[in-house]
Amino acid sequence: MNNNLYNKLVDLYAGDELPEELTEELVGESFKNTDLRHDMVSLKETVNILRTDPGAEFTDETFNRILMRMYTKGLEVKTRTPEPDHLQLKLPLSG
Amino acid sequence: MSGEPQYDTFAEKRWLAALAKGDPEALGAIYEIYGERIFRYAFRMLGNRSDAEDVTAETFLRVMRRMNELRADGAFRTWLFRITRNLCIDKMRQHKLMELPADTPYNSSVDRTTLRITVHQALKELPDEYREPLILCDLEDISAKDAAEVLKISVPALKSRLYRGRRALRDKLGGSLERAL
């Protein structure tokens with residue numbers, strides 16, 4: 001197999017798009033070809049790191065801050081989640 | 001990357017129909033469904049929490065204003081991501097003028113944190129034509145077909161950029177990735 005074809009197969013392998021039979025064949029080939037093996041392992045790891053990235057935290061505060069920004073921009077939005085405390089009118093405590 | 005494009009669910013369609021009539025509860029429901037994904041996508045594009053929050057709010061404002069542009073058979077999700085993308089591009093242009101610093105990304109623990117920070121730094125340094133497919137397909141798990149629609153390119157073009165982008169990122173990571181293997 002030439003390098004160009006290897007590259008295409010490794011691209012598909014890294015993205016889990018290579019059919020099982022071809023994957024087995026490619027893995028088998030990688031035991032005989034260290035450059036191919038390195039290409040496969042490093043590219044697969046790169047994709048794995050991206051796919052398992054947890055992303056930015058989206059907390060209730062984030063949700064409410066964005067909601068506040070929408071209100072500020074003049075949007076009328078009603079959510080099923082309770083309104084943030086600072087938007088609720090507080091009654092004086094009796095006692 | 002998911003193999004199949006994702007279509008609007010029945011519930012979403014019901015909310016979208018209500019939204020077209022200006023129902024504020026519908027906008028709230030759509031925000032509850034998509035707010036987090038849109039925020040995460042904006043954050044990945046911008047690397048700045050405050051800007052990502054602003055873009056998310058602005059996205060829903062545009063949704064409300066431009067509901068008439070959404071075709072009945074159109075995928076709402078794709079349209080939503082396209083609006084967010086355009087807003088992010090506007091913000092990035094502003095940043096280029098003002099050179100605002102990006103937030104330190106994420107708060108995950110253990111050894112991979114350093115590598116993740118390196119990955120995010122390397123991702124930022126990639127050309128947009130590689131960075132955007134990586135964000136949509138690998139980080140946001142959007143199908144190739146939907147990502148191609150968001151970027152207004154063909155699926156083969158999207159895949160070509162995605163594969164080249166992965167290799168470019170891998171090459172940028174170099175030694176950091178070697179140590180992690």
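This is a predicted model: local features need pLDDT of at least 70, side-chain atom pairs count only at pLDDT 80 or more; totals for chains, interfaces and linings use all residues.
## Chain A: fold

Chain A holds 4 helices and 0 strands. Read from the N terminus, its elements run α-α-α-α.

Take the contacts in chain A between residues at least 6 apart in sequence: 34% of them join residues at least 24 apart.

## Chain A: burial and surface

Chain A has 95 residues, and 37% of them are buried. The chain exposes about 6300 Å². Carbon and sulfur atoms supply 52% of that area.

## A negative patch on chain A

Four glutamates, A:E20, A:E21, A:E24 and A:E25, gather on the surface as a patch of negative charge. One of them, A:E21, sits in helix 2 of chain A, which spans residues 20–30.

A:E21 has a relative accessibility of 67%. The cut-off for exposed is over 50%, so A:E21 counts as exposed.

## A buried threonine in chain B

B:T78 belongs to helix 4 of chain B, residues 76–98. Its relative accessibility is 3%. Buried means under 20%, so B:T78 counts as buried.

Which residues does B:T78 contact, leaving aside its neighbours within four places in sequence? They are B:D146, B:E149 and B:V150.

## Two residues side by side

A:E21 is exposed at 67% relative accessibility, whereas B:T78 is buried at 3%. Each lies in a helix: A:E21 in helix 2 of chain A, B:T78 in helix 4 of chain B.

Key:
Residues are numbered from 1 along each chain as its sequence is written. Chains are lettered from A and ligands numbered from 1 in the order in which they are written. Side-chain values use heavy atoms; hydrogens and water are left out. Patches are made of residues with over 30% relative accessible area and no salt bridge: like charges are joined within 9 Å, nonpolar side chains (Val, Leu, Ile, Met, Phe, Trp, Tyr) within 5 Å. Accessible areas come from the Shrake-Rupley method with a 1.4 Å probe; for residues, only the protein chains shown count as cover. A salt bridge is a side-chain nitrogen of Lys or Arg within 4 Å of a carboxyl oxygen of Asp or Glu. Lys and Arg count as positive and Asp and Glu as negative; His and the chain ends are not counted. The place of a charge is taken as NZ of Lys, CZ of Arg, CG of Asp or CD of Glu. Helices (H or I, at least four residues) and strands (E, at least two) are DSSP runs, numbered from the N terminus. Buried means under 20% relative accessible area, exposed over 50%, partly exposed in between (1.4 Å probe, protein chains only). Contact means heavy atoms within 4.5 Å.
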